[in-house]
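Reader: I have a structure open and would like to go through it piece by piece. Can you take my questions as they come?

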Amino acid sequence: MTLFDKVSEDIKDAMKARDKVRLMTLRNIKKVFLEAKTAPGANDTLEDAAALKLLQKLAKQGRETASTYTAAGRQDLADEELAQVQVIDGYLPKALTAEEIEAAVKAIVAQTGATSMKDMGRVMGLATKQMAGRADGSAISQVVKKLLA
């Protein structure tokens, strides 16, 4: 079952359970997935890897919006956003810890023979592919810079 199909099934379950927050979030996810499927060049398909990227983007946007609401003194709106982010996080793979990211980057550095910041691009390319969906690019970048500096 693809991620798209899982979201569609979960929409039905949320309707039956009368879970308004979950239902609204899942409908938004499905809308984004449908837009990606019907985009020019998509051939009416959506791979799970692309779907995960879209989910990560939605979660990141939700967190940023919640922090903006909090800064503006609108905690009620921030709580709504965070509730939606929590639903989205349920579809994302478990995030790597800082220690796990560092261990993976050390292995990549050893594998590529990287020694200086000149090799950062090569290391980042491999690291982002290996940890796609499980680690934020900025977190990976910080670890790579620390190890190559």
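**Helices and a pocket**

Author: Read along the sequence, the pattern of the chain is α-α-α-α-α-α-α. This is a predicted model, where local features need pLDDT of at least 70, side-chain atom pairs count only at pLDDT 80 or more, and totals for chains, interfaces and linings use all residues. Residues are numbered from 1 along each chain as its sequence is written, and side-chain values use heavy atoms, with hydrogens and water left out.

Reader: How many helices and strands does the chain come to?

Author: The chain has 7 helices and 0 strands. Both are DSSP runs numbered from the N terminus: helices are H or I with at least four residues, strands E with at least two.

Reader: What box do the C-alpha atoms fill?

Author: Roughly 55 × 45 × 25 Å, taken along the principal axes.

Reader: At what angle do helix 3 and helix 4 pack?

Author: About 165 degrees, and the axes of helix 3 and helix 4 (residues 75–89) are 8 Å apart. Axes are lines fitted to C-alpha atoms, for helices over the stretch in contact, and angles run from 0 to 180 degrees between N-to-C directions. Helix 3 and helix 4 are therefore roughly antiparallel. Angles under 35 degrees count as roughly parallel, over 145 as roughly antiparallel, 65 to 115 as roughly perpendicular and the rest as oblique.

Reader: Which residues of helix 3 and helix 4 meet?

Author: Among them are Leu-55, Leu-58 and Tyr-69 in helix 3, and Leu-77, Leu-82 and Ile-88 in helix 4; contact means heavy atoms within 4.5 Å. The residues of this contact divide into 10 nonpolar, 4 polar and 3 charged. Ala, Val, Leu, Ile, Met, Phe, Trp, Tyr, Cys and Pro count as nonpolar, Asp, Glu, Lys and Arg as charged, and the others, Gly among them, as polar.

Reader: Now helix 5. How does helix 5 lie to helix 6?

Author: Helix 5 packs against helix 6 (residues 120–130) at about 130 degrees, with the axes 10 Å apart, and the two are therefore oblique to each other. The contact includes Val-105 and Val-109 of helix 5, and Val-123 and Leu-126 of helix 6. Its residues divide into 6 nonpolar, 3 polar and 1 charged.

Reader: And at what angle do helix 5 and helix 7 cross?

Author: The axes of helix 5 (residues 98–112) and helix 7 (residues 137–148) cross at roughly 55 degrees and come within 10 Å. Val-105 and Val-109 of helix 5 are among the residues in this contact, as are Val-143 and Leu-147 of helix 7. The contact divides into 9 nonpolar, no polar and 3 charged residues.

Reader: Changing topic, what volume does the largest pocket have?

Author: About 590 Å³. Of its 19 lining residues, Gln-56, Gly-133, Arg-134, Ala-135 and Asp-136 are the closest to its centre. A pocket here is an open set of points on a 1 Å grid over the protein atoms alone, where a 1.4 Å probe fits, with protein on both sides within 12 Å along at least five of seven lines; lining residues have an atom within 4 Å of a point. Grid points are joined across faces, edges and corners, and the volume is the space filled by probe spheres set on the points.

Reader: Where does the largest share of the lining come from?

Author: From helix 3 (residues 48–71), with 8 residues. The lining of the largest pocket divides into 8 nonpolar, 4 polar and 7 charged.
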